[in-house]
Each structure stands twice: as structure tokens, then as C-alpha cells.
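Subject: Structure for your review

Dear colleague,

Please find below the sequence and structure that I am handing over to you. My findings follow.

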Amino acid sequence: MLQNHLKIAFRNLQKNKVYSSINIVGLAIGFAASALILLWVNYEYSFESSHQNKDRIFQAWNQVTEQGKTGSWNVTPQTMGPALQKDYPEVEKTVRVDWVQKYLVQFKENKLKGLVQVVDSTFLDIFTFPLLEGDKNTCLNGVNSAVITKDFAKKMFGNQNPIGQILKFNNEADFIVTGVLANLPSNTQFKFDCLVPWRFKVANNMESLHWGNNSTTTYALLKKGVPQDAFNAKIKHLRKNYDKETAYWETFVYPFTRLQLHGSFKNGVEEGGKIELVRNFTIIALLILLIACINFMNLSTARSEKRAKEVGVRKASGATRLTLIYQFYTESILTAFLAAVLAVLVVSLCLPAFNQLIDSKIVINWLDLQLLGYASAFVILTGLVAGSYPALFLSGFNPIKVLKGSAINVSATLTPRKILVVCQFVFSILLISSTIIIKQQLDFAQSRNTGYDRENLVYHMMEGDIPKNFTLIKDELLRSNVAVSMVRTFSPITETWSNTGGMEWKGKATDDHRNIDRFGADDAIAKTLGLKIIEGRDFELSKYSTDSSGVIINESAKKMMGFANPIGQIIKDGGWEFHVIGVVKDFIMQSPFREVGALTIGGPIMNSYNAVHIKYNAAKPIKENLAAAEKIFKKYNPNYPFEYHFVDEEYNQKFANENQLSSIAQGFSLLAIFITCLGLFGLVTALAQSKTKEIGIRKVLGAAIYQIVFLISKGFMGLILVSIIIAGPLTYWIMTQWLDKYEYKTDIQPSVFVYAGLFTFLIALLTVSYQAIKAALMNPVKSLKTE
């Protein structure tokens, strides 16, 4: 029976090559687009899945409620881990993981920049990163031990055995290689080349024991059977036993495996995160696949008049409805299988570009039995969904009515086919409208005034001998007219590295612990960065020695502190006392999609400088300036490579997620409209064929070509107009929800729906008109001869 069904299915596919091709290509594109998205979704869900104890690993978080708003963050004091280990028997082990830093790593004459992370010796006990060489129990116990990845070992030592070799970090400290790890998987949040033990920080007096200094991440491995909620209730007021100043801060732990997709809080409640993007694109994948399935349904029913006689004859010959259903399902599953084969080729060709677009490293093993099982089930399910309506619709024909030619009513006002066409175009218009709104939101944020001048502004990290020789470097750059201004800062202008709720000023309420961002600088920060001073002046240490304890605040800080006349006001921070010398207009250091918060720019008295910003001479080409600067930096910092960062490029990185979202949305929106129009082309072709004699008669009676085109097109154009009316409000509601997550956002303009609707209408009109004009131009003699 199956063999007979397959034989008939193949014959029908060969007999109707145009419709078969449209179905297979449409489904293949739907399969390929859906597969790429679902592969990415699976990749995101697989993060941290390789750790043996992943379900027992938790990250420590802080939480504070101020003036009715709750803030949550996952950066903790360095004392948090030992306190959790000592005070709570539910904790099996803890590990502190410091920030990744880029160090110059040297072995003999070989020098490389490597990502170095300082961790507790328990790191490899909690996280599962296979150790290829060395002893897991002891490799991070020494003060100057180093555990490196396989790739980094190859770069540093070639084919030599790395164990026991000496590495020099930043031309200062020597480390002995005690272990080699397998290369890190791409689906992990950890990105390092080398691990260094926490004991190194302790031995070099780099460890902070202050509970108010949130400067590291802390993880806890809970014992088996310990419930998270009960443990969180127990540790909630952990700080009360250690620190009076931050006793009101609460502590809780959060599942390690949820960090990648869910690690976002709003007002103390888990909300948002990357999971929203994953869900949105899962919906897009399903919509594209559904559009392709609707094509199959519509084309099958559009040809129902031709298949009706076949059904009538077979039923009259004794075939049951169930047999016919099996036959139509066989055809749809065979079509889906052929489309899947084509989709495999498309996915293989597109995967490298897709990986680059989404910044991932997805690899497909086509021989994986689990993957083949899922893919087969996916193809069969799609075939069943796509073939369900045709199978149930066509198999239900009455054989007597069919053979009399009266079984099918194609002129009804509302038919399932028309509903499906409307659904297709609603989905397509929704995707197009959403893409336009995403692009408008991106453009809106990108056009926002940053508050500083990014033109010819470059920063270099303070490394090697740059701090020691900064004055010499500065003098030579300015004297040679390569640069017009320079300033040392606590962090790059595009990043905020520190904040505090502990600043004090006159008139501050005792219960006011709102966070204020910290920045720091020496001379001429406003001049170099192009900040707009609205009160007071810039730092001028050569003229005013007291500027070392001066502070410049932004407009938001002035407003928060309630200063009517800010100049000369005293601000206390961490035992240091500053006097306000200036107020600058708000400028963006963090997300361009958020409102600018309060910020202080402290003078040299309490700052360590980590970056130097240089305003290069705009009168010379930037390439020429950088070449001259490289010679000067190499002269005073010979052991380090010359590295620089364009501030405008770093700022543009803040839009990476939105750019990615916009690009993906644009691509899949075009695919959706292409698949929809592909199906529309098939429907118009079927309609034109069914009206061949009618068109011939009308032409003989004097009908003009435009009248024939209108006859064929009017029904479809009406359906598209209905789709536009439905899609507009639906898109508005969905995208309003999406925009609500941004503090700085654009308004949805009615023109969006006009453009999306007009674009869809024109594309559909071109699709319909081509086939309609072709039918209208047919010789009426030939039309009237058509059986």
C-alpha cells in the first residue's frame, strides 16, 4: 500500500512540475530559515550544559531597595565567598572569579597578549573544564601557578611540553605552568587563556576585605538536596554580621544555568534577559514555517478542481476516505522530505555567514543520530501540518457531485483558502513592520547626542611603562603636533567601572543610598573629550594645585544632590573629601538606550589611572597621527605592542545587540514575503488556468487586457488590504511591549504601517500582475480549445 501511495505521489509531483517546485522551494526556504534559528536557540540553551554539577552551582547577588525601587547586581565583595563557606553548612564549596584582564605574557622571546583570570583554587572542582595535563587537586594551589588552555599553550610553547615552564606576566611576575586545560567550549560565559590562583592576590596585597567594594563574582556549589528558596531566606541578611554600612543590602543566590538567558532583574524581579530574544526568534521561525505550510495547503486546494475527478473516480472504484487521506499525507510528507534535502544544502551554505551574523560558533554534525531523529520528526510533523487541510478537504468530496462537476464552490465570500492567504500576509506585514520599528529605534538611539566629541578621539590602556613615562609621552605628542590634548582617566569614556551609594553631601537624607557612578581624570578632561561645561571650569592642576581634590559633576548629579549653587560644595567619598569645581552637561558612558545617571569625575587624589585619552590633530590624517604616536609609545614603552581603540568604534559596540536583531529581522522578513509571494504566484497561476475558457470568451466579446488583469487580481488585492488592516494594530501592540524595555525610545509612527503595507501591496501586485497579464495576453482561440 505504501509503495503504491509513493508511486502515485511521485507521479503527481512530476505531472505538476510548477506547483511541485513552488511547494518544495517554499518549504525548503521555510525549513532552512527555521532550522538556522532553531539551531541558534538550541545553542543558547546549551550554555554551561557541560558542567557535571551545573544544577547545584549558584551565583551570589546583591539586592538593595531605595525609595521604592529595588536594584539587583551580581558583582560582590571579595569577602562574600569565604563568608558563605564559613557560615553556612549548606555550601559545599565557593569560588571567587575576578575580572578577565589582558596581560602581556612572555616565554623567552615569544610575547603574546593573553586573557588572564584570577580564581580560587576550587575553580576546577566546581566547574567542569577537562584538565589535559597536571593535577586538578593541586594545579591552582601555589602562589605563582598558572593553568593555561591548549590553544594558548600551542601559541606560547609550540610543540614543547608546557608543564614546568616559566611565563612572565606584564614584565613583572613569573608564573610556573602547572596545568593545561582543554580548549573552552564556545557555549560558556568564561573566556580566558590563563588561570591564576587567588593566593597571588593575597600574597601581593591586592585582596580587598572591604564589604562595600563590589569587585568580583562569587559562585557557590550547594550540597545535594539544598533548596534554593530556603537557602536564600537564610542568607538574606548575611551582611549584618560583617558590615554596618552595607547591612541593609540583601544577598541571594541565582542558578548558574539561568545566567545566559534569564540573568536580568527589574525592581527585584527576574524579568527580561536574552530569553526574550530567543522567544521572539522562535516565534519568527515558526511563523516562516507556517507561511510555507500555508502555501502548500493553498496550492493543493487551488488545484482541487483538477484533483476532484481523481477523487471521484477512486471513490467510485471503492477507495475509502481513509485511503485517500493516507494518499494525500504521503504526497505532503514526500514533498516535505524533498524540501528538507534541499534545506540541508541551503543551511550548509548559509551557516558560516549566519554564525558571523549572530557571533556564534554553531557546528552541525549531520551524522548525529539525535539530530537526525529530531529532523525526521520535524519533517514528518511539517508534512502532516501542511497536508492536513488538503487531505481532509479533498478526501471529503462527494463522488456523485464531483463527477457532475458541482462539488466545489470557489466563489464563496469566505473560504479557508482566503483565510489562510490573509494569515500569510498578516504574518509578513507584521515582520516587515516590526523590522522597520527596530531600525527606527536603533537609528533613534544612534542619533542621540553623546555629550562628547568622538571625532579623532582614541584611548590607550595604561600598561607597561606608560604610567611611569606618561609626562614624557604627553610632552612629545603635543610638541610634535600629533595630538592637541590628552587626559588620563580611571576608565575608558565608553565604560563605567565603579559606582557607590555611600557618597555624602550637605542636605543628603540619612536613608538615601542611591548609586552614583564614579569616573576620574587629571588635567583637561573637558577639553580632550569635548565635554560641555555649564558651570565652573575644567581641571587645571598646573594652575590650581587644589584641583587634585576637586570634582566635576554632571547635571544629573547636581539635580540628585539638590545643589542650587554647586561650585565649592563638598562631597565625601570613601574617606576622601572633594570640592566641586565644575558641572558638565550629561554625557553617555553606559547604554545609549538608558537615561544618563548621576556621575562624579574625581581629581587625582583618589584615582588610579587605567586609560589615556588622546585627541589627535584633525588637521592631519589619523593614519599619519597613529604612525607617529606608535614611534613615541614604542620609545617609552618598548616591551608592549602599540594598541589603540577608536572611541567612536567602541561606542558603536553598544548597539551590537540591536544591530544584530535588526539584521536578522530584515533577512527573515524578506524571506517571509518571498515565500508568501511564491505561494501567491502559484495561486494566481491556478486561478488563471481555471478561468482559461472564461478569459477566452471575454476577449472574444471585446474585453480589454486591463479588464482581464483586474478580473484575476481583484480578489487577491482585497485580501491583502484586509491583511494590512489586521496587521497594523497587532504589530503596534507587540512592538509597544518590546519598546517598553527601553528608557530612551522612539514613538511608533503611523507611517510605519503605511510603508509596510504599501511595500507588501506593491510586491504582491507585481506578483499577481505578471501572471494575470500573461493570461490576458493568451490567444483566445487557444484558450477556447483548452479542455
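Strands, like helices, are DSSP runs numbered from the N terminus, and a strand needs at least two residues. The model is a predicted one. With that in mind, the findings begin with a single residue.

**Arg 518 and its surroundings**

Arg 518 belongs to strand β20, which covers residues 516-520. Between Arg 518 and Thr 496 there are 22 residues of separation in sequence, yet their C-alpha atoms are 7.3 Å apart in space. Which residues is Arg 518 in contact with, leaving aside its neighbours within four places in sequence? They are Phe 490, Thr 496, Ser 498, Asn 499, Thr 500, Met 503, Asp 573, Leu 599, Thr 600 and Met 606.

**Helices α15 and α18**

Helix α15 spans residues 470-479 and helix α18 spans residues 622-636; their axes come within 10 Å and cross at roughly 155°. Because angles over 145 degrees count as roughly antiparallel, α15 is roughly antiparallel to α18. The crossing of α15 past α18 is right-handed. On the α15 side, the contact is made by Leu 472, Ile 473, Glu 476 and Leu 477, while α18 contributes Ala 629, Ile 632, Phe 633, Lys 635 and Tyr 636. Sorted by class, the residues of this contact are seven nonpolar, no polar and two charged.

**Helices α14 and α22**

The next pair consists of α14 (residues 416-446) and α22 (residues 705-739), whose axes come within 7 Å and cross at roughly 40°. That angle makes α14 oblique to α22. Here, too, the crossing is right-handed. The contact of α14 with α22 holds 19 nonpolar, five polar and one charged residues.

**Helices α2 and α11**

How do the axes of α2 and α11 cross, and within what distance do they come? They come within 7 Å and cross at roughly 45°, which means that α2 is oblique to α11. This crossing is right-handed. The contact of α2 with α11 comprises 22 nonpolar residues, two polar and no charged.

**The second largest pocket**

Helices α2 and α11 also take part in the lining of the second largest pocket: α2 (17-45), α11 (321-358) and α12 (369-394) each supply at least two residues. The largest share, nine residues, comes from α12. The pocket holds about 1,100 Å³ of space. Its lining is made up of 31 residues, and those nearest the centre of the pocket are Leu 39, Ile 364, Trp 366, Leu 371 and Ala 375. What classes do the lining residues divide into? The lining has 24 nonpolar, five polar and two charged residues.

Yours sincerely,
A colleague

Notes. Residues numbered from 1 in each chain as written. Predicted model: local features only at pLDDT ≥ 70, side-chain atom pairs only at ≥ 80, totals over all residues. Heavy atoms only, no water. Axes fitted to C-alpha atoms, helices over the stretch in contact; angles between N-to-C directions. Helix = DSSP H or I, 4+ residues; strand = E, 2+ residues; numbered from the N terminus. Parallel < 35°, antiparallel > 145°, perpendicular 65-115°, else oblique. Left-handed = near helix turned anticlockwise from the far one by under 90°. Contact = heavy atoms within 4.5 Å. Nonpolar A, V, L, I, M, F, W, Y, C, P; charged D, E, K, R; others polar. 1 Å grid on protein atoms, 1.4 Å probe; cavity = no way out; pocket = protein on both sides within 12 Å on 5 of 7 lines; lining within 4 Å. Points joined across faces, edges and corners; volume = space filled by probe spheres on them.
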